[in-house]
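Notebook open, structure loaded. I want to look up a helix pair, a strand pair and a chain contact.

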Amino acid sequence: MDACIEQRIDSSLKKGFIVALAFLLTSSTLTAAGESVGKLLGDESDGSRATPLHLIPLFAEDENGEKGEQIEPDVGFPMPFSTRFTCGDCHSYKIISEGWHFNYIDPNVIPGRPGEPWIYFDSKLGIQISLSYRPWLGTFRPDDIGLSVFQFTKIFGRHMPGGGPGEVESDDIDDVGRQFVSGKLEINCLACHNAHYGQDMGGDGGYAVQVTRENFRWAATASCEFADVTGSAAKMLETYDPFMPDPDERDAPRVTYRKEAFNENDEVLFQIIREVPDERCYYCHSDLYYCRAEETEKWKSDEDVHLAAGLKCVDCHRNGIDHNIIRGYEQEAGLSQNPLAATSSCEGCHLAKGEGEPQAGRLGAPVPTHPGIPPIHFDKLSCTACHSGPWPVSETVLTKTSRAHRLGTPNVNKAEEALPHIVSPVFAKQSGIGVAYMGRLLVLVMEGGKISPYKVMWPAYWGTLENDRVIPIEVGIVEKVVGDVFADLEFPATGDWPEITKVNIAEALKALGDKAVYVAGGVMYKLDDSGELAEKVGHLAAAPYMWPIAHNVRPAAQSLGVRRCEDCHSTDAPFFFGEVAVDSPVAFERPSKKKMVEFQDINPFYAWVFAFSFVFRPWLKVIALACSAVLAGVLLLYALKALGCVARFLAEQE
Amino acid sequence: MFRNLSILIFVVTVGGVFLNWIAAPCKGCRWNPIKKVVHLFTLLLFEQKLSLVGAIKKLIYLVALFCFVVLVVTGFYPLLVKGEHISGYLMMIHATFAPIFILCLTFLAVAWASSHRFNKSDCPWLRNILRRVTSLKIPVSESIEPSSQLFEKTGFWLIVFLALPLILSIIVSMFSIFGTAGQEFLLAAHRWNALVFAVVAIIHTYLVIRVQLKR
């Protein structure tokens, strides 16, 4: 009986296995067939390296979010074209929208190495906080400070290529009406791929300005060379219907196409190129280091050595139709689906050995010899530690980035002290790399923990302390409460911090409630039981947020250590003993500084002793070489004597 | 591989020395080893010479011996025990004692070279072979036993010879001459040289002790 049951179970298991196998095979076959059938014209190259012609019709989105009519420039009130339905005719928009530049809203995407956050700042509230939808340690989600996807897009969309939160429907009831008026901020393919000089991202009527005006639906159109957009969705009532525009409404967003750009079939010629020009990358990825005043002028400083050598950004930062662009860090190959991730890092091009075909020297990359550099350096330092970013000086310098300081957009505050305050270069030990993200659980690994150059931002924000964890207070609440307390402060015209005092902080904390804390300059302030302001140094919530500096890569002749070991190994070398400015809006904390070595997980005394030992290194060399000469002399002398003995013996004299 | 081989070689060397000590004990120290050890560590290792040079030689030998112990411990401990390359404070101690050891070794090489020359009595069996093969007028040795100092002398010359690549492999790497591949080769050369040097030095020290104790 039992044997019979066992046989049945065994049989049913086998059947189940066969059914499952059949299902898997069928489904995979169907999937493969589906993929094959589903590929659009531009999803797969035919192998030609020539640039495809993009003479195409423009399509708008209709009120149902579907593909609308072809755009005719002669129509009185034409709609903006939709990239989803214009570019999406030949390129799978869905696949592209899962690329690195657009997928940060997806909680299932592996966050990888921490990158540059979006920085929300308000000098009048003493706030400077790093935000990201990616779960990078040290950043907060925008909704943590009360920013809806709509608000986030309005503030930061100026330097986003569209997609992501720009296409997500807001949960905030207040935003629903506004989103209907402004539309979605679709992926702006032109932001990267339009090689025409008329592509306007940061001009007076360009992409950034349209986003600020809540003209999300019109932003991509406004950025191209053959259309102008006027009006502002932000000025329109929530009842305004952009699909049934009122020609008399002066502030309504309106597109004017240049008719000469259209042919008789109402098609336009886009100057689209597969390989994105560097200028397009620069719009969002420019850095400004206040090393020396004159270097703020770009014509007086050099570009990355790779660009100077004739490469383009996208020669290394490559992607296919999935737009899963290579970020280029060392551990990326283990996390990325991009098959070229392993061979597109610094080592991938310059040092690749591999077992199959030789890979080193790709794109003409010189294979470095690193003469005189002990190999331990390659275990302890990333390539960028010696080769990237500004040459370290005695103190970190204020740094601006496109996205943090909205560089390249109208009316930028050009003052050096303008918020947010980012300092660099900080040579710090690499923190964990996010390898997986499941809900709210971020899985980190420490990959080598190499020292790399970083940009650093010290967070300043108001929060509540719960179970030793600081939760930021929504900006709207802070504005109402702290805004009143700080109303009498003087705010510098440069956009720098005001002089916030202990009294100001204490008053603000009292107004915010019992558990309120203020985090600034690496310190957490809170009121003790007696109502006095207490400080706590070293709380995790006050730790600086750091993201790596990868560019500009300096030429090999300008790398650290190229002159002598003392570039880093001396008791005053900036690499270990440079001062890191601890930025704080709190007046009595300024100026506060830390030593670089405190960020490197190295005992400062050890670092100093080790650096000091290099004073004696020349002596060691002299002694060792002199002694070697004497030892060689002794050996030679007695070898000759032995030879003399042999000679005498062979001469039969002995 | 280096780690496992090093452990094996050190175990075999120390075990061999220990077995030799047990199997062929030196006369006079069999029944009173403690006395001999005390004798050793109270600078009475060598025949006392009251001359200044003799005292200096003795002192420098002991300093060299101490430095050797420090260098072996700091150099091999991280690799053999922790499985890591030398770094941190151990590295600094290693680099501090290395030049002292080099200086002492050089002085001893100069001072002892003459007394460590091979002579007729070192290899009687070789003389007999040469006499038979060459038919030269080489006096017949009465004993075919090698001199007790043969291995000690061989050890001394090996130490002097091995010291050169040992020193140069690490010093040359401090100059901007060799690239990464060269650096790795030099580091490996230093490591393997150090292993052979350490084994030879241990055996030589043991033989010196034996010879001195016999006296």
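For packing I take axes as lines fitted to C-alpha atoms, for helices over the stretch in contact, with angles from 0 to 180 degrees between N-to-C directions. Helices (H or I, at least four residues) and strands (E, at least two) are DSSP runs, numbered from the N terminus.

This is a predicted model, where local features need pLDDT of at least 70, side-chain atom pairs count only at pLDDT 80 or more, and totals for chains, interfaces and linings use all residues. Residues are numbered from 1 along each chain as its sequence is written, while chains are lettered from A and ligands numbered from 1 in the order in which they are written.

**Helix pair.** I checked α16 (residues 475-485) and α17 (residues 502-512) of chain A: they pack at about 145°, with axes 9 Å apart. Val481(A), Val482(A) and Val485(A) of α16(A) meet residues of α17(A), including Ala508(A) and Leu512(A); contact means C-beta atoms, placed from the backbone, within 7 Å.

**Strand pair.** I found β1 (residues 54-57) of chain A running antiparallel to β8(A), joined by four bridges; pairing takes at least two DSSP bridges. His54(A) has Phe270(A) in β8(A) as its bridge partner.

**Chain contact.** I then turned to chains A and B, where the contact takes 26 residues from chain A and 33 residues from chain B. On the chain A side, α19 (604-613) and α20 (617-650) are the elements giving two or more residues. I noted that α20(A) gives the largest share of that side, 14 residues.

Notes
Contact = placed C-beta atoms within 7 Å.
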